[in-house]
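Here are my notes on the two-chain model you passed along.

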Amino acid sequence: MIRLERVSKSYKTSTRPALDDVSVEFDKGEFVFLIGPSGSGKSTFLRLLLREDVPSRGDVYVADWNVGKLSRRRVPQLRQRVGCVFQDFRLLNNKTVTENVAFALEVIGKPRHTIRKVVPEVLDMVGLAGKADRMPYELSGGEQQRVAIARAFVNRPLLLLADEPTGNLDPDISQDIMLLLERINRTGTTVVMATHNHAIVDSMRRRVVELQLGQVVRDESRGVYGVGR
Amino acid sequence: MRASFVFSEVLTGLRRNMTMTIAMVITTAISLGLLGGGLLVVRTIDRMQDLYYDRVEVAVFLTEDISANDPGCTASPCTDLRTELEAASGVESVTFESRAEAFARFQQIFEAQPELRELARPEALPASFRVQLTDPERFGVVAQEFGGRPGVDRIADQGAYLDRLFELLSGLRNATFVIALVQSLAALLLISNTIQVSAFTRRTEVGIMRLVGATRWYTQLPFLIEAVVAGLAGGLLAIFGLLLAKTAFLDRVLSDVFASGIVPQVEFGDIALVSPFLILVGAAVAAVTGYVTLRLYVRV
């Protein structure tokens, strides 16, 4: 599903590469935690998968695409198959919950009848069926993140990337969000989640890939966040 | 591509930047209005040239001797001159104007200024041949051929005065175009700026669009259409301005001039002819500016 072959990424602003000769492979349907301290390369990793950046060296494969070599015109095709969730939700504050989710389908030209059908379904799945007409500022943080997840999942992506999705949420709410991501994972969607949250990683017992200074220092199939951290 | 989505985005964008949109429309309208004005001046000049050069004459003024003693042009050298002028190449017709006729015409021209009429004496006005040329440009040939002949005092070309008049009008036209050009530069920068502001105020939307895989066209088209709508609005406003200038200003202030036939009237038909061009230029320039701006300055 995802394969990085000897990938390095350097930014002009730094002498040390953000990613340094990383090779790793994730299978279809896997749930992977990407952990490591700030500046270890987690965000760069995710940005490369989304083609927000291109690798300085090496190849990044997502599904059948060689992401780094994708022409600009084909980047949207990749992104339509990859969902994305962030710490800061990134909802549109002038649109309702329904409109926020529908927006993701409208802008890729989905027909209206499809949108009218699938948006309520996905809102039901994330547990927001009763709040479809609320505005984002009327919702709690956890609910806003559910909207963001609904938006990322509504087009049934092959891959869901989550960059610290629980970073702004308290532990109970975080646990609910993780259950939701797990449900999405069970539908066959590969989930890659960058996080600092020990409790979650330890309780889920999924694959853990740890980055430090741009290198993979640990890769365990049923890992924990780490001892003494 | 869903048209309804794109258009609702366009409307939102235009509404959100209302002041910028208005400034953009007005500036575009002024530059297009000036361009249209310049084009109308061009049409007027063309028409005036047709009108005037058709009537232009070369005046061959005769000496005092002939003017005083041969009022009917019945003797040599006056008759000789007439025969030769009529035979000369490029000459269409020759009319003799005696001193008395010249004086009568003078009185008629300066009817409104009695002081001048009082002052003038027939003796001050020479008799002349009024020569109509097939081609006004051939004045030099006539002047050269008949310049030193016995009986000829001097030769005057009305075309020379007209040339000066048209030089003045061409200058007016060029000045209009220059102002239009400078103004259009302002309009271009304003369009470019508005698109950048618009893209900035909608950076969250655009960010999400990129993220979920909207194509470049889908993200950029609303901005582009915004610019084109403003360009079209500017074009319409410019046309409205031209119509207003014609009915409220030209037709009133210059009504005497038009009536006398010195300057041909600017017709509604002229404006109608210029209008599609203005709309087209407005929309095309806005579209190109928008496209370039999006390519160069906006990462969407």
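How many helices and strands does the secondary structure of chain B come to? Twelve helices and four strands; helices here are DSSP runs of H or I of at least four residues and strands are E runs of at least two, numbered from the N terminus.

A word on ground rules first. This is a predicted model, with local features requiring pLDDT of at least 70 and side-chain atom pairs counted only at pLDDT 80 or more, while totals for chains, interfaces and linings use all residues. Residues are numbered from 1 along each chain as its sequence is written, and chains are lettered from A and ligands numbered from 1 in the order in which they are written.

1. Overall form of chain B. The radius of gyration of chain B is 31 Å, well over the 19 Å that the globule rule gives for 300 residues, so chain B is more spread out than a compact globule. (That radius is taken over C-alpha atoms, and the rule is 2.2 Å times the number of residues to the power 0.38.) Along the principal axes, the C-alpha atoms of chain B fill a box of roughly 100 × 40 × 25 Å.

2. Domains of chain B. There are two pieces: domain 1 takes 3-52 + 170-296, and domain 2 takes 64-150. These bounds come from an automatic or database domain assignment. Over C-alpha atoms, the centres of domain 1 and domain 2 of chain B are 53 Å apart.

3. Burial and contacts in chain B. Of the 300 residues in chain B, 33% are buried. For burial, 20 or more other C-beta atoms must lie within 10 Å of a residue's own; 12 or fewer makes it exposed, anything in between partly exposed, and C-beta atoms are placed from the backbone. If you take contacts in chain B between residues at least 6 apart in sequence, 85% of them join residues at least 24 apart. A contact needs C-beta atoms, placed from the backbone, within 7 Å.

4. The sheet of chain B. This one is an open sheet of four strands, ordered β2-β3-β1-β4, with antiparallel pairing; strands pair if DSSP finds at least two bridges between them. At the edges sit β2 (91-97) and β4 (152-157) of chain B, each pairing on one side only. From one strand to the next, the twist averages 20 degrees. Inside the sheet, β1 (residues 57-62) and β3 (residues 128-133) of chain B run antiparallel and are joined by five bridges, and B:Val58 stands opposite B:Val131. Helix α7 (residues 139-146) of chain B packs on the sheet, touching β1, β3 and β4, with its direction about 175 degrees from that of β4(B). Angles like this run from 0 to 180 degrees between N-to-C directions, and axes are lines fitted to C-alpha atoms, for helices over the stretch in contact.

5. The sheet of chain A. Here we have an open sheet of six strands in the order β6-β7-β8-β3-β9-β10, with mixed pairing. Its edge strands are β6 and β10 (215-220) of chain A. Neighbouring strands are turned by 15 degrees against each other on average, direction ignored. Between β3 (residues 31-35) and β8 (residues 190-194) of chain A, which run parallel, there are four bridges, and A:Leu34 has A:Ala194 as its bridge partner. Helix α1 (residues 42-50) of chain A packs on this sheet, touching β3, β6, β7, β8 and β9.

6. Strand β6 of chain A. Although β6 (residues 82-86) of chain A is an edge strand, four of its five residues are buried. Five bridges join β6(A) to β7 (residues 159-163) of chain A, and the two run parallel. One pair to look at is A:Gly83 with its bridge partner A:Leu160.

7. Two backbone spots to check. Most residues other than glycine have a negative phi. A:Glu164, in the loop between β7 and α6 (171-186) of chain A, has a positive phi near 50 degrees. A:Arg205 is in the loop between α7 (198-204) and β9 (207-212) of chain A, with a positive phi of about 55 degrees. A:Glu164 counts as partly exposed because it has 18 C-beta neighbours inside 10 Å; A:Arg205 is partly exposed, with 13 other C-beta atoms within 10 Å.

8. Where the chains meet. The contact takes 13 residues from chain A and 13 residues from chain B. On the chain A side, α2 (75-80) and α3 (97-106) each supply at least two residues, and α2(A) gives the most, with four.

Key:
Two residues are in contact if their C-beta atoms, placed from the backbone, lie within 7 Å.
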